[in-house]
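The sequence and model are shown first.

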Amino acid sequence: MTTVTLTNENESSLECMEVWGGNGSRKNHFVRPGLDVWIHSQAVSSSAAGGSDLYLLSSCSSGRITRMMVADVCSQGSHFAELAEEIRELMKRNINTIRQTRVVREISRRLVESSRHGCIATALIGTYFAPTRKLVLCNTGNPPPLLYRAAHQEWSVLKQVPQNTTEIHKSFMVSDFEEYQCFETQLDVGDMLLSFSNALTECFSKDGRIIGMQGLEERVRHLDPRRPGELVAALTEELKQEHPDNLAIDDSTVLLWQVTKTSVPWRDNLLAPLRYFQGATDKTNIE
């Protein structure tokens, strides 16, 4: 198994009723009720010159609901910043909704509108509800995430056969229904979810072939799941060593969730109504 000592990672604070993220290079670790989150993003180009990865993380007024979004945006001129700001506002507006149907619908509508101006984007949106340990995922074109089941000690691709394909075509304008995924899954303590932008599946092997989803899964299987805090760094370092072009041309973002036993503090339960009326705090940085 591959292990790498993690360096320059920030132990970051994500409080209740906050939205964090943006674009650019970052390495952060968050501890949330029922969840540990690691996110590594590496920017190699200017967003004004043609898009960027956008990543956002939010927590509701009590901390029970944690939502994430990772989008790979290819745009023209300054359109990335406009789209990113609109999506950030949607995350803030829907920060307390357990069901993510509305935020997914509104974000997808903005992506469709942006496509008419030459902007192409794929997005993965996930909502985790700590009391029930349920995760709802909606994926429109991003690579499917990898799921680690602690009980079986194995990784697998997390995807399902989509339903209601007529509605999918109207709402998300996807050409291949396999590109669209929207479903709910039950998680247990120790389970991990690894999501990533297209840059990782587009990496090359030593012989110059694109590794794709299967190749990435094979590489993740060789990592040490007992050290989740080092897993993302180990994966990206291995890819960089395998071929000089890997993660050097396009922005890359990797996000790892691990389910924990951490419960919602009584103080957060007590202050939840007050935070709700005060509104969401913006901790994003969109360049």
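S41 has T253 in strand 13 as its bridge partner. Helices (H or I, at least four residues) and strands (E, at least two) are DSSP runs, numbered from the N terminus, and two strands pair if DSSP finds at least two bridges between them. The model is predicted, with local features requiring pLDDT of at least 70 and side-chain atom pairs counting only at pLDDT 80 or more, while totals for chains, interfaces and linings use all residues. Residue numbers start from 1 along each chain as its sequence is written, and side-chain values use heavy atoms, leaving out hydrogens and water.

**Strand pairing**

Strand 13 spans residues 252-259. Strand 4 (residues 35-42) is joined to strand 13 by 8 bridges, and the two run antiparallel. In this pairing L35 has V259 as its bridge partner. Strand 12 (residues 192-196) also runs antiparallel to strand 13, with 5 bridges between them; here F196 stands opposite V254.

Strand 4 in turn pairs with strand 3 (residues 26-32) through 7 bridges, again antiparallel. H29 has W38 in strand 4 as its bridge partner. Strands 3 and 4 form a hairpin with 2 residues between them, and G34 in the turn has a positive phi of about 75°.

| Strand pair | Bridges |
|---|---|
| Strand 4 and strand 13 | 8 bridges |
| Strand 12 and strand 13 | 5 bridges |
| Strand 3 and strand 4 | 7 bridges |

**Burial of the strands**

Buried means under 20% relative accessible area, exposed over 50%, and partly exposed in between (1.4 Å probe, protein chains only).

**Helix packing**

Axes are lines fitted to C-alpha atoms, for helices over the stretch in contact, and angles run from 0 to 180 degrees between N-to-C directions. The axes of helix 1 (residues 79-93) and helix 2 (residues 101-115) come within 10 Å and cross at roughly 165°. Helix 1 is therefore roughly antiparallel to helix 2 (angles under 35 degrees count as roughly parallel, over 145 as roughly antiparallel, 65 to 115 as roughly perpendicular and the rest as oblique). Contact means heavy atoms within 4.5 Å. From helix 1, H79, L83, E86, I87, L90 and R93 meet V103, E106, I107, R110, L111 and S114 of helix 2. By class, this contact has 6 nonpolar, 2 polar and 4 charged residues (Ala, Val, Leu, Ile, Met, Phe, Trp, Tyr, Cys and Pro count as nonpolar, Asp, Glu, Lys and Arg as charged, and the others, Gly among them, as polar).

Helix 5 (residues 212-221) and helix 6 (residues 228-242) have axes that come within 10 Å and cross at roughly 120°, so helix 5 is oblique to helix 6. L216, R219 and V220 of helix 5 make the contact with L235, E238, L239 and E242 of helix 6. The contact residues of this pair divide into 4 nonpolar, no polar and 3 charged.

**A loop residue**

S61 lies in the loop between strand 5 (52-59) and strand 6 (65-74). S61 counts as buried because its relative accessibility is 8%. Leaving aside neighbours within four places in sequence, S61 is in contact with C16, M17, N96, D268, A272, R275 and Y276.
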